[in-house]
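Hi,

Here is the structure I promised to pass on. Have a look at it first, then read my notes below.

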Amino acid sequence: MNRRGFIQISSVALLPILLGIFPRSSGNKKRYSISVKSNRSFGHLLRKLSAEKPVRERTTDYVIVGGGIAGLAAATQLSGKDFLLFEADDRLGGSSACDYWKDTVFATGAHYELAYPETFGSEVIDLLTKMEVIRFNDYSKLYEFVDEQYVIKGSSLEQCFVKGEAIDEVLSGVEGLKEFKEILSEFKGKMLLPTRLIDNEYHYLNSISFKDFLSEKMNLSQELERRISYQMLDDWGGKCDQVSALAGIHYYVCRPYDEKDVPLFSPPNGNSYFLEKMIGYTNAFEAFEVNSLVRSIKEVSDGVELEVINSSREVELVKAKKVVYAGQKHALKYILKSEANLFENSYAPWLVLNFVCRKGIDFNKWQNDVVTENLEFMGFVSSKPQKTRSAEFDVFTAYYCLEEIDRERLVAIEKEPSPFVEATIQLIEKETGTTITDHLEHVNIKLMGHAMPIPKPGYLSFSDVPSYASNIIFAGVDTGRLPLFYEACDSGIQAGRSVLEDLNVDDYES
Ligand SMILES: Cc1cc2nc3c(=O)[nH]c(=O)nc-3n(C[C@H](O)[C@H](O)[C@H](O)COP(=O)(O)OP(=O)(O)OC[C@H]3O[C@@H](n4cnc5c(N)ncnc54)[C@H](O)[C@@H]3O)c2cc1C
């Protein structure tokens with residue numbers, strides 16, 4: 001097989017492929033610099049090179065499209081096989097990527113995972129155990145993280161600010177909380193991961209909204225609904241009246257939170273930690289090609305043909321027997337029209353701002369929720385309770401979840417980020433009473449137009465992922481799964497296994 005243009009890396013040189021190049025500073029006149037990263041550039045590239053014909057051709061057995069958690073999990077199943085993974089971005093990770101400022105690493109998306117009960121599906125647990133990421137704790141009866149240095153201490157875990165006042169957590173002291181908890185208690189131990197394992201008995205919860213479900217059972221006060229909506233937006237990208245009851249209930253009872261401490265794992269590079277482990281596990285570093293945008297996928301008589309815009313901005317034709325498509329499904333209308341109507345998802349746009357500050361600010365809790373009037377701001381995470389390497393900087397990572405109809409706002413923020421950065425600083429300072437401006441050195445912004453599928457009523461799928469094409473298998477959380485690491489990982493494992501199982505080897509050997 002000819003693999004021209006691949007990025008050669010060894011395990012020690014793993015970092016460049018994860019990180020790619022630094023985004024350039026926008027050169028504003030503030031005392032701090034700002035860099036902005038957005039995946040809108042993929043659309044520009046597609047348009048610019050739409051008429052270009054392939055300049056070369058190569059073949060491989062399997063192709064994975066998309067280097068997020070799902071794509072990488074698929075790659076772990078193809079270890080030792082002839083495969084290529086194409087990632088459009090300049091680094092692997094997707095919504096679980098990380099970035100750097102000087103000596104400081106920070107997550108630009110997914111940033112934590114929680115220990116797993118024994119009842120969760122075995123495939124992800126087996127993979128993470130083999131990768132030495134988790135091990136079973138006989139005492140807690142949970143699969144816990146081997147790298148204990150990245151587990152956040154219970155006392156540093158969280159606080160919440162509401163109208164400038166600090167409370168323990170988002171639902172603290174809200175009227176109706178006791179009744180709410182009682183309603184949820186009947187589902188304890190039933191809300192599994194991956195969600196495909198949830199018993200049929202509970203599937204009806206996928207067809208009603210969380211708000212309707214709760215309103216039938218209790219007098220849901222406006223304030224309780226608002227606080228629940230904040231938490232739903234934070235994990236599912238939609239409010240209480242938008243997400244399904246199954247997603248809502250799952251959020252609160254998928255782990256035995258009120259019986260024991262469930263360790264929370266948050267390394268400074270966020271869920272890129274898992275990505276690095278997966279890349280190492282595949283032992284196929286040369287198979288990962290970043291800056292490589294798949295612009296079309298076509299089923300042909302003996303397999304699949306893909307056109308890839310490579311890192312030199314040339315178009316290549318890649319022939320394969322099977323493809324795992326682990327990119328976002330909303331893009332299928334451009335890449336693979338025949339399959340575009342299989343997934344009718346709604347996606348929440350997200351913005352992530354990493355405030356890199358010289359040490360000296362006392363945000364000592366890891367999660368700092370901030371409940372504002374319009375519920376767009378999802379608070380910020382402080383690196384202070386994390387085990388970090390930087391002697392100079394702390395990073396405060398702020399999150400916004402926008403309404404779908406507000407996606408266009410990302411364009412304006414990309415063009416002129418300063419007012420948005422200033423507004424966020426003011427919001428944090430006003431709500432927490434702590435000044436960050438004096439310590440601020442750099443702001444890293446990541447804009448994601450289709451960051452996560454919103455699990456609206458009817459969204460979750462408990463059966464096999466559909467496909468009209470027999471040689472194209474879909475993976476990723478937006479195949480009817482909750483937007484979580486565990487789901488992405490499970491879907492990738494399933495897809496990786498199924499390309500191997502489905503292949504009739506005789507067809508290719510004769
Ligand atoms: C801000 C934010 C915070 C989150 N925090 C957490 C958290 O703390 N814990 C948790 O469990 N979950 C979290 N999630 C959810 C979690 O990140 C995702 O559900 C999961 O990582 C999705 O993985 P994926 O592989 O399905 O998709 P993605 O991460 O979206 O990866 C898809 C990849 O495919 C690539 N791609 C798409 N089209 C093409 C193409 N044509 N050619 C080549 N490449 C292509 C994209 O560039 C991307 O890298 C968070 C999500 C967001 C947005």
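A backbone N or O atom of I69 sits 3.2 Å from an oxygen atom of the ligand. For Y112, a polar backbone atom lies 2.9 Å from a nitrogen atom of the ligand. Taken alone, the ligand exposes 1,000 Å², and the protein buries 94% of that (areas by the Shrake-Rupley method with a 1.4 Å probe).

Before you go on: this is a predicted model, where local features need pLDDT of at least 70, side-chain atom pairs count only at pLDDT 80 or more, and totals for chains, interfaces and linings use all residues. Residues are numbered from 1 along each chain as its sequence is written, and side-chain values use heavy atoms, leaving out hydrogens and water.

What surrounds the ligand? There are 37 residues around it, and the closest are A70, E87, S95, Y112 and F485. By class, 22 are nonpolar, 14 polar and one charged. Domain 1 (15-22 + 40-107 + 271-345 + 469-509) and domain 3 (347-453) each give at least three residues to this shell; the bounds come from an automatic or database domain assignment.

Now find H442. H442 is buried, with a relative accessible area of 4% (buried means under 20%, with a 1.4 Å probe and protein chains only). Its side chain makes polar contacts (N or O pairs within 3.5 Å, one able to donate a hydrogen and the other to accept it) with the side chains of S33, at 2.6 Å, and S35, at 3.1 Å.

Cheers

Note on methods:
A residue is near a molecule or strand if one of its heavy atoms lies within 4 Å of it. Ala, Val, Leu, Ile, Met, Phe, Trp, Tyr, Cys and Pro count as nonpolar, Asp, Glu, Lys and Arg as charged, and the others, Gly among them, as polar. Buried means under 20% relative accessible area, exposed over 50%, partly exposed in between (1.4 Å probe, protein chains only).
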